[in-house]
Amino acid sequence: MLCGNAENMDCLLEMDQADKEVSECRVDITFIGRGCQRSTKCLNWSKVINVVAFASAGDICFVIPEQNNRCIAIKHAVKAHDFPITCLRFISWYQYNSFGLDYLITGAADGTIRLWAVQISNKTVVVKLISNSGNVTTKRPVNCCAGAAFSEAYQDIAIVSYAIPDGSVVAEQIAIDRVSLEETEKRSYERIMFQPALIVSVAVQIISNDNILFILGTTSNNVEIICAKLAFISSQLRKAVTLQGHTDWITSIDIRAYENDIWLASGGQESIRIWRFELLQGNKMRVNSDTQLKAQFTLFDEETKVITYTINVTLQGVLNAHEDWICSVEWHSSKLQLLSASNDKTMIIWEPSESAAGLWFDSVCVGDVGGQAVGFFGACFSPDGYAILAYSYFGGFCSWQIEKEGSSYWKSVPTFGGHSGQVRDITWDPTGSYLLSCSHDQTTRCYAPSANHGVISEIARPQVHGYDLTSIASISSSRFVSGADEKILRVFAAPRNFVETLKVVSKYDCQKLFPDPTQIVGYNAAIPALGLSNKITSVVNIESNENSSADDTINQNVPFMKGVPIEECLMQDTLWPEIHKLYGHGFEVFTVASNHSGTLIASACKASRVESATIIIWDNKEWRRRCELQCHKLTVVQLAFSNNDSFLLSVSRDRTFAISVRSLQDPFEWKLQLTSEQKFSKVHSRIIWCCAWTPDDKYFVTGARDKKLCLWHFDGDDIQLIAERKHLYAVTAVDFAPKLWNKHYILAVGFENGEIEIEKWNLRQNDINTSDNCLKRWLAHSQTINRLKFRPKQGSWLCNGDVNIHIWELASASNDHSVVVHQLNLL
């Protein structure tokens with residue numbers, strides 16, 4: 001569950017106390033699917049409290065590692081900024097923190113920088129906003145951020161540093177009360193400019209009770225060392241020394257104390273440089289010639305001007321193994337090891353040689369070979385150093401673990417993930433076994449339970465496209481159709497390895513789930529070079545054996561990776577073959593729907609004229625156009641078949657809705673029965689975003705940008721407006737539970753601000769206008785909700801075979817890049 005505004009973030013990221021007091025509906029989170037922000041510096045692993053944090057749109061997502069530091073599920077998300085997050089980082093500690101508390105810094109595209117307190121309480125993340133800084137008037141994004149902290153008796157002193165695109169670095173000192181977790185004092189250091197160069201990476205290190213080092217990577221190919229005082233006697237940042245040697249931008253920097261020295265790693269396009277800062281008491285300048293000595297500088301007492309430290313900077317190594325930009329470097333928390341992630345699809349663990357001083361070698365190299373990957377944007381060690389978590393350009397996560405302590409073999413293991421763009425549509429398969437989602441990140445993803453781990457996992461990526469995907473509909477357990485920003489509808493069929501995955505990972509009975517084995521096609525599909533969509537690479541003739549079962553089909557000799565697929569496998573080996581293209585629309589497809597029996601598809605495209613605003617009815621058996629309906633003047637936004645498949649409800653940008661009826665003689669012949677323009681043209685004054693039928697088809701609802709939710713009665717011939725409600729925000733998504741509960745209709749309503757409301761209606765008792773209809777309302781997303789879909793089957797999705805009549809699973813898709821499945825427990 002998403003917690004609300006950043007200004008009031010003292011909340012438990014499960015359920016707040018007010019929510020728990022609602023007696024008739026309890027909401028839990030079954031699954032959160034999100035990918036990482038597609039920029040560098042957006043993933044970090046706290047070495048203090050063992051929590052993973054990453055950025056997704058304007059939210060911070062948290063993962064609590066399981067046994068052996070396995071990261072298998074996103075547990076919580078918090079709205080952090082109104083604009084996309086550009087950088088995120090836990091602070092470093094000068095002294096060991098034993099308070100179970102860590103601080104997280106986030107920077108956003110609007111120039112805001114925020115400091116958060118993060119704790120673990122009963123396996124739940126507790127987050128509180130400490131400080132809000134930055135200059136939102138200039139709207140300049142934060143390039144990078146870093147921080148360090150120093151603990152005193154009852155408070156922590158946090159040093160926060162960040163860079164903005166005017167070539168300046170900003171540093172602030174924040175005093176935090178450790179009990180109330182509130183800011184008690186904030187003071188700013190004087191800014192220092194490096195124009196025309198820009199600062200693209202930063203690190204902060206407290207080296208003594210009174211001295212701070214700011215390490216800056218710039219576009220002038222230099223590493224700048226800045227000094228400041230912790231005691232704040234002087235608020236001046238002093239440029240100490242410039243380290244040269246790189247030949248391009250220095251995009252990543254990390255610093256840590258090891259034994260009595262400070263070690264710095266700086267990464268650019270061509271190499272990584274290892275610098276050693278030797279701290280000497282007093283004025284002890286080196287007089288002998290040392291080829292490795294690159295710089296010397298001193299730190300002095302502000303009052304007495306006595307030199308307190310002399311720092312000798314030596315170059316310990318130049319690491320050349322990557323073939324592309326180095327996007328991140330991170331030191332091991334307890335060993336002298338360095339992890340680097342590069343755009344060349346590899347990550348390397350570097351260690352110093354024991355036999356030759358100053359020689360570093362690549363002890364471990366992991367990554368992807370070939371395929372569709374475009375390299376890694378960041379990587380981090382687990383606190384014990386036995387696990388690596390990384391994310392790629394596409395926002396997907398990859399993880400590696402050491403098989404056993406003392407081993408040098410790193411094994412790729414499955415982890416969490418999700419979309420990295422706006423999620424536009426979702427659909428359940430007819431049996432409620434798995435969930436499909438499509439997004440502007442140009443992928444369709446499939447989620448199902450992982451029985452061994454007790455979580456929901458991404459088990460397939462059926463479609464990787466060249467256009468932003470906008471709509472999706474499930475035809476059967478083995479077929480779905482999707483639409484994108486193109487004029488074509490594409491139909492996909494389940495391959496054999498997908499059926500095997502459901503059998504092995506989710507423990508499903510595939511004979512029940514896929515009763516017709518002839519619908520399962522050949523297992524191979526791939527995206528050719530410069531290709532737009534999936535192509536079948538080989539097809540096995542399984543239609544010749546009509547008596548075969550699903551188990552017989554999948555038990556053939558096919559290559560298959562048992563267990564939950566890893567990111568590399570998801571991108572390359574879980575594609576569904578595209579079996580049909582449906583041509584007929586003149587503009588980009590906007591919405592698509594399938595009837596409940598899986599025999600018809602209805603679709604519509606973007607339209608600015610009446611001629612383009614047609615609804616096309618397609619035959620799912622012969623895959624051809626059967627009928628066209630002219631119901632609206634502008635874009636049809638959503639389509640919904642009635643549960644008996646006799647009626648088709650459509651809503652449009654022209655502020656009207658229409659009902660079309662199927663012919664009794666010909667199931668492929670449809671005609672317009674009525675439109676709201678005839679009698680109710682003034683009810684909605686803005687675009688109608690959504691619609692849904694009740695389970696018995698006696699009523700339907702419409703929601704619009706005018707913030708109205710309207711309930712209509714339909715007797716098969718005419719409509720009647722039953723109720724009209726005005727909400728605080730635009731209504732963007734609606735759906736009814738597939739069955740009545742305790743003689744009540746259960747309606748889920750999604751809003752423009754990311755809230756979801758659960759309502760119960762007993763229309764026989766005329767309770768539609770009472771205040772008791774709302775069972776629950778909570779902030780589920782940080783941005784607009786695009787679609788809500790109830791699971792067709794009662795009971796828990798995670799518990800196979802559970803038919804608890806009090807539990808419904810509700811899936812939601814949002815512009816905040818997330819797919820969330822909420823478990824509603826109706827009491």
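**Strands, a helix and a loop in a predicted model**

Over residues 103–126 the chain is 79% strand and 0% helix, with 12 Å between the end C-alpha atoms. Strands here are DSSP runs of E with at least two residues, helices are runs of H or I with at least four, and both are numbered from the N terminus. This is a predicted model, in which local features need pLDDT of at least 70 and side-chain atom pairs count only at pLDDT 80 or more, while totals for chains, interfaces and linings use all residues. Residues are numbered from 1 along each chain as its sequence is written, and side-chain values use heavy atoms, with hydrogens and water left out.

Residues 416–447 come out as 50% strand and 0% helix, and their end C-alpha atoms sit 11 Å apart. On the domain level, the assignment gives domain 1 (323–402) and domain 2 (423–536 + 561–826), with bounds that come from an automatic or database assignment. Between the C-alpha centres of the two domains there are 41 Å.

Now for strand 59, residues 755–761. All 7 of its 7 residues are buried, so the strand is largely enclosed by the rest of the structure. Buried means under 20% relative accessible area, exposed means over 50%, and partly exposed is in between, using a 1.4 Å probe and protein chains only. In a regular strand, side chains alternate between the two faces of the sheet. In strand 59, Glu755, Glu757, Glu759 and Trp761 point one way, while Ile756, Ile758 and Lys760 point the other way.

Strand 59 has partners too, where pairing requires at least two DSSP bridges between two strands. Strand 58 (residues 745–751) pairs with strand 59 in the antiparallel sense through 6 bridges, and strand 60 (residues 774–779) is joined to strand 59, also antiparallel, by 5 bridges. Ile756 shows up in both pairings: Gly750 is bridged to Ile756, and Ile756 is bridged to Trp778 in strand 60. The hairpin of strands 58 and 59 has 3 residues between the strands, and Gly754 there takes a positive phi near 95 degrees.

Elsewhere, 4 strands make an open antiparallel sheet in the order 49-50-51-52. Strand 49 (636–641) and strand 52 (670–675) are at the edges with a single partner strand each, so one side of each has no neighbour in the sheet. From one strand to the next, the twist averages 25 degrees, with axes fitted as lines to C-alpha atoms and angles running from 0 to 180 degrees between N-to-C directions. Strand 49 and strand 50 (residues 647–652) run antiparallel and share 5 bridges, and Val636 is bridged to Ser652 in strand 50.

Helix 2 is mostly covered, with 8 of its 10 residues buried, including Phe498, Val499 and Leu502. Lys503, also in helix 2 (residues 496–505), counts as partly exposed at 29% relative accessibility. Just after helix 2, Lys507 takes a positive phi of about 60 degrees.

Finally, Ser612 sits in the loop between strand 46 (600–605) and strand 47 (614–619). Ser612 is buried at 11% relative accessible area. Leaving aside residues up to four places away in sequence, Ser612 touches Phe587, Cys605, Lys606 and Ala607, where contact means heavy atoms within 4.5 Å.
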